2 protein chains.
Amino acid sequence: MTTQTLTRNQGLVLDVLSHSQSPLSAYTILDKLRDSGFRAPLQVYRALDKLLEFGLVHRLESINAFVACAHPDEDCHAHGITAFTICETCGKVTEFHDHVIEDRLKGFARDRNFKTGKTTIEIRGTCAGCA
Amino acid sequence: MTTQTLTRNQGLVLDVLSHSQSPLSAYTILDKLRDSGFRAPLQVYRALDKLLEFGLVHRLESINAFVACAHPDEDCHAHGITAFTICETCGKVTEFHDHVIEDRLKGFARDRNFKTGKTTIEIRGTCAGCA
DNA sequence: CAATTGATGTAATAACATTACATTCCAATT
DNA sequence: AATTGGAATGTAATGTTATTACATCAATTG
Ligand SMILES: [Zn+2]
Ligand SMILES: [Zn+2]
Ligand SMILES: [Zn+2]
Ligand SMILES: [Zn+2]
């Protein structure tokens with residue numbers, strides 16, 4: 001887990017995500033970075049690919065959006081499966097790890113000789129503040 | 001949980017999904033139903049919406065595709081969270097329910113006063129046959 | 001019959017993501 | 001200093017997934 005130096009584009013994208021209260025789509029990020037010189041979706045997607053690889057950003061599959069990792073210093077994606085709650089009202093995302101769930105999923109896969117790649121766990125609903 | 005009569009379009013879409021060995025995108029379904037008179041994406045999406053509502057079809061969020069429920073007679077979506085393994089090589093999907101996982105997720109949500117809506121659990125990887 | 005409701009047909013558009021290709025940057029090696 | 005090779009970037013075009021808008025049709029019901 002070496003400290004990773006980000007390129008300008010990667011830094012800009014991460015900065016936008018880090019300052020957002022809710023997940024952002026790639027195109028929303030693009031719009032926010034037009035003034036910084038971004039012109040095309042690919043600039044965003046390329047930066048996101050790297051940030052995902054570095055474990056600094058998560059992709060929320062169920063809403064086609066991206067969020068900055070809440071624990072960027074802990075090499076989050078190396079600590080097993082990350083699960084999320086996503087408030088459909090305010091967009092608030094909470095990130096958590098649960099070893100019991102992880103063991104159950106790994107066990108199920110192992111029992112069937114299924115080689116696990118990326119696992120998605122996302123709970124959509126309403127957060128305490130929005131209830 | 002009354003027996004549901006499907007409309008013509010709903011029946012056609014379900015039939016295509018039921019006979020497929022792997023998940024299908026809405027546009028793939030559309031292509032397969034051109035000969036049956038389908039002309040526009042909305043015809044597929046509308047049928048899918050209903051089939052999802054009836055619990056006869058599942059949407060795989062991580063691959064933007066749809067699959068027929070493996071247990072259509074058991075009112076699948078009423079029996080808690082459905083989890084999936086998805087083979088990225090052959091497309092094979094396995095559907096399972098795990099009460100331990102479900103209890104953990106429900107517990108996490110309850111502890112935070114998060115009102116749970118739909119929950120997604122999807123494991124992408126390689127199935128035994130493709131390893 | 002009139003009114004309501006759910007389903008359908010069609011076109012247009014929006015939203016999300018990738019391919020292709022040319023160029024630039026930068027560090028390592030000669 | 002010049003060369004070179006890999007990573008990153010810029011840009012345009014295209015591909016894929018999903019929704020909005022509006023007109024029409026069919027079954028139900030009071
Ligand atoms: Zn994280
Ligand atoms: Zn909220
Ligand atoms: Zn099912
Ligand atoms: Zn397979």
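Contact here means heavy atoms within 4.5 Å. Keep that in mind for the first residue. And a reminder: this is a predicted model.

Start with B:Ile121. What does B:Ile121 touch, not counting residues up to four places away in sequence? From chain A, the list has A:Leu105, A:Thr120 and A:Ile121. From its own chain, it has B:Ile81, B:Thr82, B:Ala83, B:Phe84, B:Ile101 and B:Leu105.

Now zoom out to the core. The largest nonpolar core holds 24 residues. Which residues have the most contacts inside it? They are A:Leu105, A:Ile121, B:Leu105 and B:Ile121. Strand S3 (83-87), helix H4 (99-111) and strand S5 (115-126) of chain A each supply at least two residues, and so do strand S3 (83-87), helix H4 (99-111) and strand S5 (115-126) of chain B. As general background, nonpolar side chains in soluble globular proteins tend to be buried together.

Next, the sheet. It is open, with six strands and mixed pairing. Read across, the order is S4(A)-S3(A)-S5(A)-S5(B)-S3(B)-S4(B). Where are the edges? They are strand S4 (93-96) of chain A and strand S4 (93-96) of chain B, each pairing on one side only. Ignoring direction, neighbouring strands are turned by 20° against each other on average.

One pairing in detail. S3(B) and S5(B) run in the parallel sense, over five bridges. There, B:Ala83 stands opposite B:Ile121 of S5(B). B:Ala83 is also one of the residues that B:Ile121 touches.

Now the helices. H4(A) packs on the sheet and touches S5 of chain A, plus S3, S4 and S5 of chain B. Its direction makes about 135° with that of S5(A). H4(B) packs on the sheet too, touching S3, S4 and S5 of chain A, plus S5 of chain B. The direction of H4(B) makes about 135° with that of S5(B).

Last, the metal. Which residues coordinate the zinc ion, ligand 2? Four cysteines through SG: A:Cys87, A:Cys90, A:Cys127 and A:Cys130, at 2.2 to 2.4 Å. The donor angles are 106 to 112°, so the arrangement is tetrahedral. The ideal angle for four tetrahedral donors is 109.5 degrees. The sequence spacing is C-x2-C-x36-C-x2-C. A:Cys90 sits in the loop between S3 and S4 of chain A, and A:Cys130 in the segment after S5 of chain A, so this pair ties together parts 40 residues apart in sequence.

Conventions: Residues numbered from 1 in each chain as written. Chains lettered and ligands numbered in written order. Predicted model: local features only at pLDDT ≥ 70, side-chain atom pairs only at ≥ 80, totals over all residues. Heavy atoms only, no water. Core = buried A, V, L, I, M, F, W, Y, C linked by side-chain atoms within 4.5 Å. Buried < 20%, exposed > 50% of the residue type's maximum accessible area, 1.4 Å probe, protein only. Helix = DSSP H or I, 4+ residues; strand = E, 2+ residues; numbered from the N terminus. Pairing = 2+ DSSP bridges. Axes fitted to C-alpha atoms, helices over the stretch in contact; angles between N-to-C directions. Donors = N, O, S within 2.8 Å, 3.2 Å for Na, K, Ca; no water. Tetrahedral: all angles 85-135°; square planar, octahedral: opposite > 155°, others 65-115°.
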